[in-house]
Amino acid sequence: MSKLANKLALVTGGSRGIGAAIVKQLAAQGANVVFTYVNSAEKAAILVKEIESFGVKALAVKADTGNPDEINKAVQAAAEIGQIDILVNSAGLFVTGAVDDPTVDMQALDQQWKVNVLGVAHTVRAVLPFMASGGRIITIGSTGAGRSPYPGVGDYSATKAALAAYTRSWARDLGPRNITVNVIQPGLINTDMNPADGPFSAHMLQAVALQRYGEPKDIGNAAAFLASDDAQYITGVTLNVDGGQSA
């Protein structure tokens, strides 16, 4: 039997890249999946058809994680299907800017904080009334939470460090309810935001023990594991999936 059969997962930012890989892997393991998207309506529709081929239910909901009202509607849409067993916070923004750069787009940095941090916190709070004992909360962070390999990533790295801190605290808060909370920190993953054939890939790979980029499915596999009963005694953990970049 599939490890996640009859479970219901809500995945934010699930229409592309790492989020889509997580959606696919959860569905492949038998979970029904509701996922959010912002701009990729066509990709979301294609993904719904793809994961329905696994014989599970699928629903795409347009919702900006930085907008509490939209997230509330997405959570309600999932709850109408059933109890939410798995929440994966995958939606996120990547905005750079050195602290001494007077031209930095402060509005974009503020939006990054709203999506990456405040939006995740709101999503967790919105889901918890619909999550029972044995629930799983998984957040996609970044190895940037613990290292800044080049200038200009301070604001982004700070958002991801906040998620790691939240994870540790939420694991304490929710332990008595038998809900686990973990964060996955991807390293160099081959997506359209950071392609393996990009202009800086050769330089960045120097820090990776395996000397290659990971694929979105590597993060999907990690998320599916943490969502399963195999990980029932794992909580408050920061899991680096980075090919040894942080070794």
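Modeller: First, a term: axes are lines fitted to C-alpha atoms, for helices over the stretch in contact, and angles run from 0 to 180 degrees between N-to-C directions. Helices (H or I, at least four residues) and strands (E, at least two) are DSSP runs, numbered from the N terminus. This is a predicted model, where local features need pLDDT of at least 70, side-chain atom pairs count only at pLDDT 80 or more, and totals for chains, interfaces and linings use all residues. Residues are numbered from 1 along each chain as its sequence is written, and side-chain values use heavy atoms, with hydrogens and water left out.

Biologist: Which residues make the contact?

Modeller: Contact means heavy atoms within 4.5 Å. Helix 4 brings L109, Q112, W113, N116, V117, V120, A121 and V124. Among those from helix 5 are Y156, L163, Y166 and W170.

Biologist: New topic. What is the angle between helix 1 and helix 7?

Modeller: About 50°, with the axes 8 Å apart. Helix 1 and helix 7 are therefore oblique to each other. From helix 1, the contact includes G17, I18, A21 and I22. From helix 7, it includes P216, I219, G220 and A223.

Biologist: Which residues of helix 1 are buried?

Modeller: Buried means under 20% relative accessible area; over 50% is exposed, and in between is partly exposed (1.4 Å probe, protein chains only). In helix 1 the buried ones are I18, G19, A20, A21, I22, V23, L26 and A27.

Biologist: How far apart are the end C-alpha atoms of helix 1?

Modeller: They are 17 Å apart. At 1.5 Å a residue, its twelve residues (17-28) should span 16 Å, which agrees. The expected span is 1.5 Å times one less than the number of residues.

Biologist: And what comes just after helix 1?

Modeller: G30, with a positive phi of about 105°.

Biologist: Last one. Where is L128?

Modeller: L128 sits in the loop between helix 4 and strand 5 (136-140).

Biologist: Is L128 buried or exposed?

Modeller: L128 is buried, with a relative accessible area of 15%. Leaving aside neighbours within four places in sequence, L128 is in contact with I137, L174, R177 and I179.

Note on methods: Parallel < 35°, antiparallel > 145°, perpendicular 65-115°, else oblique.
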